[in-house]
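This report describes a ligand site, some salt bridges and several backbone features. The sequence and the model come first, and the text follows.

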Amino acid sequence: MLHSPPRSSNAGTAYERGWTMAIDQQANPDTVRAVDWTALFAARTRAEIGPGLASILALANATDLISFSGGFPDPATFPGPILAEILAEIVTSGDSTALQYGPTRGLPGPRAFVADRLAERENRRPAEDELAITSGGIEALELLGKSFLDPDDVVLVEAPTYLGAIMAFRSFQANVIGVPVDEAGLDVDGIGAAIARQGRPKLLYTIPDHQNPTGVSMASERRQALVDLARRHGFLIVEDVAYRELGFDDDRPPSLWTIGPDVVVQSGTFSKTFFPGVRLGWAAGPAPVVEQMVLAKQNTDQCAGALGQRLLEEYGRRGGLEEQAGRARALYGRRCALLMEALATHMPAGVRWTHPRGGFFSWVTVTAGLDTVELASRALDRRVAFVPGRPFFADGSGGNTLRLAFSRIDDGDIDEGVRRLAEVVAGALGDQR
Ligand SMILES: Cc1ncc(COP(=O)(O)O)c(C=O)c1O
């Protein structure tokens with residue numbers, strides 16, 4: 001049966017052309033014509049999202065170059081044979097929950113484990129209805145978007161911020177607005193100005209610890225001020241703690257969720273501290289918010305994989321996560337120090353970079369007037385890769401910035417990679433003169 005096209009005001013658009021082609025083909029089955037499927041895609045997919053993460057991930061897998069691009073954990077940090085032992089125990093124990101569909105909020109055991117961990121690490125234990133297990137951090141953003149965002153709703157994000165978050169919120173046709181970040185994290189004073197211009201946001205998304213892409217962390221006093229603002233204006237803070245456990249020193253300001261559990265939903269991931277292949281994270285926040293996210297999850301994936309949840313619980317209860325995080329912090333801390341040394345040695349005058357105290361990234365600002373998209377292609381010729389800064393800004397600014405990931409690069413390649421990059425920058429500066 002032929003479905004009629006929805007009534008629309010976009011006569012003659014690419015959408016309608018695609019539909020007409022489909023109708024032609026059904027009327028004359030002998031005519032084989034290629035349907036322009038893209039013309040049938042939902043309007044919301046036409047938001048300017050671009051190839052985004054996919055192209056970064058593709059580059060990150062290249063092996064014939066020195067890559068500072070993808071924010072991948074180093075496989076050297078992944079759990080070893082212990083995982084096989086736990087898996088064997090789970091499978092032979094006769095407990096079928098690991099292989100079965102699970103509750104949408106997560107299996108009771110893994111939920112209790114995550115709640116205990118939050119109590120220990122964040123001084124606050126979420127109540128039963130304040131916690132859900134997610135299929136990774138990115139899914140929490142999707143569920144929040146699905147739960148909160150109508151077209152043109154305002155979402156404030158850091159400028160720059162995690163590209164996946166911009167993509168997730170844009171996919172709901174939200175109006176994503178950047179608020180500047182400096183060495184002390186999100187410029188909380190800038191939020192007032194953004195609200196005055198754009199109106200009250202529904203969500204404010206922040207990565208307060210060792211941020212992606214800049215590596216900076218939000219100062220303690222700004223955290224309290226941000227929570228106060230959210231209470232005053234009535235918006236939800238989305239606190240992404242993807243790198244919180246990967247600090248190189250013991251300085252850990254309180255989480256936003258600890259300060260303001262009434263206005264903050266914390267989105268966490270086990271991708272950087274266990275392994276990304278398991279696709280697991282958590283969302284902890286006000287009960288009505290988590291409730292709505294759980295409803296949204298019912299027709300997203302219904303539940304996070306039960307097998308992964310059980311592996312995480314058993315591994316975590318045996319102290320695996322703490323042991324692994326210790327190794328990861330030492331590895332990434334060492335690489336970050338090597339990167340800082342190499343940048344200081346090789347970069348021409350006028351280039352600035354952040355000095356992360358945790359996480360995966362440093363953020364480089366080259367001389368005004370240079371364009372890092374152009375530099376990236378010159379760098380590829382020299383077999384070195386990084387991610388240009390522009391996609392991390394909701395407004396596409398930041399043309400003279402770039403992100404260097406030090407998480408998955410061999411120690412021995414760091415100096416050489418930066419040396420090549422510095423030559424590319426110096427060459428472009430020379431051409432400019
Ligand atoms: C800030 C931030 N949040 C979330 C994620 C995604 O995490 P997950 O693998 O759990 O979806 C990433 C991954 O790079 C990230 O950098």
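A residue counts as buried when its relative accessible area is under 20%, as exposed when that area is over 50%, and as partly exposed in between, with a 1.4 Å probe and protein chains only. Areas come from the Shrake-Rupley method with a 1.4 Å probe, and for residues only the protein chains shown count as cover. Helices (H or I, at least four residues) and strands (E, at least two) are DSSP runs, numbered from the N terminus.

The model is predicted: local features need pLDDT of at least 70, side-chain atom pairs count only at pLDDT 80 or more, and totals for chains, interfaces and linings use all residues. Residues are numbered from 1 along each chain as its sequence is written, and side-chain values use heavy atoms, with hydrogens and water left out.

**Ligand site**

The side chain of D240 places an N or O atom 2.6 Å from a nitrogen atom of the ligand. An oxygen atom of the ligand lies 2.8 Å from a polar side-chain atom of N212, and R279 has a polar side-chain atom 2.8 Å from an oxygen atom of the ligand. Taken alone, the ligand exposes 400 Å², of which the protein buries 91%.

**Salt bridges**

Side chains of opposite charge can pair when their charged atoms come close. A salt bridge here is a side-chain nitrogen of Lys or Arg within 4 Å of a carboxyl oxygen of Asp or Glu. The structure holds 37 salt bridges.

| Salt bridge | N to O distance |
|---|---|
| R121 and E245 | 3.9 Å |
| E322 and R121 | 3.5 Å |
| E416 and R420 | 3.0 Å |

What does the pair of R121 and E245 tie together? R121 lies in helix α4 and E245 in the loop between β7 (236-240) and α9 (256-259), so the pair ties together parts that are 124 residues apart in sequence. E245 is buried, at a relative accessible area of 11%, whereas R121 is partly exposed at 24%.

R121 also pairs with E322. That pair links distant parts of the chain, with E322 in helix α12 (residues 320-346) and R121 in helix α4, 201 residues apart. E322 is partly exposed, at 36% relative accessibility.

E416 is partly exposed at 25%, and R420 is buried at 17%.

Elsewhere, a network of salt bridges links E89, D95, R310, E313, E314 and R318.

**Backbone features**

Most residues other than glycine have a negative phi, and most peptide bonds are trans. The peptide bond joining A159 and P160 is cis, with omega about 10°. P160 is in the loop between β3 (154-159) and α6 (163-170). A cis bond also runs from N212 to P213, with omega near 15°, and P213 is in the loop between β6 (203-206) and α8.

N123 has a positive phi of about 60° although it is not a glycine. N123 lies in the loop between α4 (108-122) and β2 (131-134) and is exposed, at 68%. D152 has a phi near 75°, also positive in a residue other than glycine. D152 is in the loop between α5 (137-148) and β3 and is exposed, at 62%.

**Surface and interior**

L87, V91, L99 and L307 make a nonpolar surface patch of about 350 Å². Patches are made of residues with over 30% relative accessible area and no salt bridge, like charges being joined within 9 Å and nonpolar side chains (Val, Leu, Ile, Met, Phe, Trp, Tyr) within 5 Å. V91 is in helix α3 (residues 82-92) and is exposed, with a relative accessible area of 51%.

V227, in helix α8 (residues 220-233), is buried at 0%.

Definitions and conventions. Polar contact = N/O pair within 3.5 Å; in protein donor to acceptor, adjacent residues only side chain to side chain.
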